[in-house]
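Here is a set of questions and answers on pockets and side-chain contacts. Take a look at the model first.

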Amino acid sequence: GPAVATIANILLSYKGETNKVVGAGYPTKVKAVLDSDAVRPALLHRTVMGVIMSALELTSKNKKIFWVGKIDSYKISDIEDLYWLSEGNTSKIKSKRLLKEFKNWDDYVSIAEASKDRDMARAIKIVTSYDHLDEALAQIRKLTVKDERSADVILSTAHRSKGLEFDYVSLEEDFPDPLDPEMSESSRDDEINLLYVAATRAKICLAVNSIIIGMMRDYERRR
């Protein structure tokens with residue numbers, strides 16, 4: 001639709017594109033936050049860990065979730081293994097690789113801090129935010145549905161959403177900022193491409209994240 005096409009054209013302008021996308025579809029809306037009555041909104045994340053964090057929040061509210069690409073592809077078992085590592089209960093860890101790479105939880109944390117690995121940092125945040133994470137993950141599995149139409153919320157990474165469409169889309173806050181001066185040109189191109197894919201999944205309403213809002217403001221300043 002026209003409103004989403006406007007966002008698409010702003011993103012494309014950062015790649016030097018001068019031809020405009022024409023929004024000839026449904027008269028879409030762009031907002032900062034989706035309305036509470038949005039039916040089956042799709043929450044699109046940049047990272048798998050971001051998806052899991054949303055899933056934990058949603059299931060605490062008893063929301064049924066449909067996972068694009070199925071739940072098993074979102075490393076739920078890896079998070080569960082990390083939880084048992086943090087508890088010192090290595091007998092419940094299923095991944096032999098985890099036990100080979102890390103002596104214990106403190107070792108995992110120190111390596112995460114030294115490497116500044118964002119996924120590891122998010123995993124640590126998840127594990128340390130829940131006293132009974134094993135029960136929360138079991139609740140996620142319980143509230144996972146196989147039929148998209150029976151879900152309350154759809155969860156996906158931006159990569160997995162490619163080629164799909166949803167009535168209501170919310171872009172979540174784990175996307176890196178393409179305007180970051182320290183980002184390499186190739187990474188900037190990749191991130192803009194991914195934001196373009198994510199933003200153009202919406203058929204009725206798109207809720208943009210702070211990254212796109214910042215790019216919109218920068219675009220207006222440059223005009």
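**Pockets and side-chain contacts**

Q: Which element gives the most to the lining of the largest pocket?
A: The model is predicted. Two elements, α2 (48-60) and β5 (166-171), each supply at least two residues of this lining. The most comes from one of them, with three residues: α2.

Q: What is the volume of the largest pocket?
A: The lining has 22 residues, and L34, P41, L43, L58 and S170 are the closest to the pocket centre. The space in this pocket is about 530 Å³.

Q: Which elements give two or more residues to the lining of the second largest pocket?
A: This pocket has a volume of about 410 Å³. Its lining has 17 residues, with D78, L82, L98, F102 and Y108 the closest to the centre. The elements that give two or more are α2, α3 (76-86), α4 (96-101) and α6 (118-129).

Q: How many nonpolar residues are in the lining of the second largest pocket?
A: Charged residues number seven here, and polar ones two. The nonpolar count is eight.

Q: How many residues apart in sequence are the parts that K15 and D189 tie together?
A: K15 and D189 form a salt bridge, with the closest N and O atoms 3.6 Å apart. K15 lies in the loop between α1 (2-13) and β1 (29-31), and D189 lies in helix α9 (residues 185-199), so the pair ties together parts separated in sequence by 174 residues.

Q: Is K15 buried, exposed or partly exposed?
A: Buried needs under 20% relative accessible area, and exposed needs over 50%. The value for K15 is 35%, so K15 is partly exposed.

Q: Which helices does the salt bridge of R141 and E80 tie together?
A: The side chains of R141 and E80 meet at 3.3 Å, N to O. R141 lies in the helix of residues 133-142 and E80 in another part 61 residues apart in sequence, so the helices tied together are α7 and α3.

Q: Of R141 and E80, which is buried?
A: The cut-off for buried is under 20% relative accessible area. R141 has 36%, so R141 is partly exposed. At 15%, the buried one is E80.

Q: R97 and E101 are separated by about how many helical turns?
A: R97 and E101 form a salt bridge, with the closest N and O atoms 2.9 Å apart. Both residues are in helix α4 and lie four residues apart, so the separation is about one helical turn.

Q: Is R97 buried or exposed?
A: Exposed means over 50% relative accessible area. E101 has 40% and is partly exposed. R97 has 61%, so R97 is exposed.

Q: Which residues are linked in a network of salt bridges?
A: The salt bridge count comes to 12. The residues linked in a network are D218, R221 and R222.

Q: Which backbone nitrogen does the side chain of N9 reach?
A: N9 is found in helix α1. At 13% relative accessibility, N9 counts as buried. Not counting residues up to four places away in sequence, N9 touches N19, K20 and V21. The side chain of N9 reaches, at 2.7 Å, the backbone nitrogen of V21.

Conventions. Residues are numbered from 1 along each chain as its sequence is written. This is a predicted model: local features need pLDDT of at least 70, side-chain atom pairs count only at pLDDT 80 or more; totals for chains, interfaces and linings use all residues. Side-chain values use heavy atoms; hydrogens and water are left out. On a 1 Å grid over the protein atoms alone, a cavity is a set of points where a 1.4 Å probe fits but cannot get out, and a pocket is an open set with protein on both sides within 12 Å along at least five of seven lines; lining residues have an atom within 4 Å of a point. Grid points are joined across faces, edges and corners, and a volume is the space filled by probe spheres set on the points. Ala, Val, Leu, Ile, Met, Phe, Trp, Tyr, Cys and Pro count as nonpolar, Asp, Glu, Lys and Arg as charged, and the others, Gly among them, as polar. A salt bridge is a side-chain nitrogen of Lys or Arg within 4 Å of a carboxyl oxygen of Asp or Glu. Buried means under 20% relative accessible area, exposed over 50%, partly exposed in between (1.4 Å probe, protein chains only). A polar contact is a pair of N or O atoms within 3.5 Å; within protein, one must be able to donate a hydrogen and the other to accept it, and residues adjacent in sequence count only if both atoms are side-chain atoms. Contact means heavy atoms within 4.5 Å.
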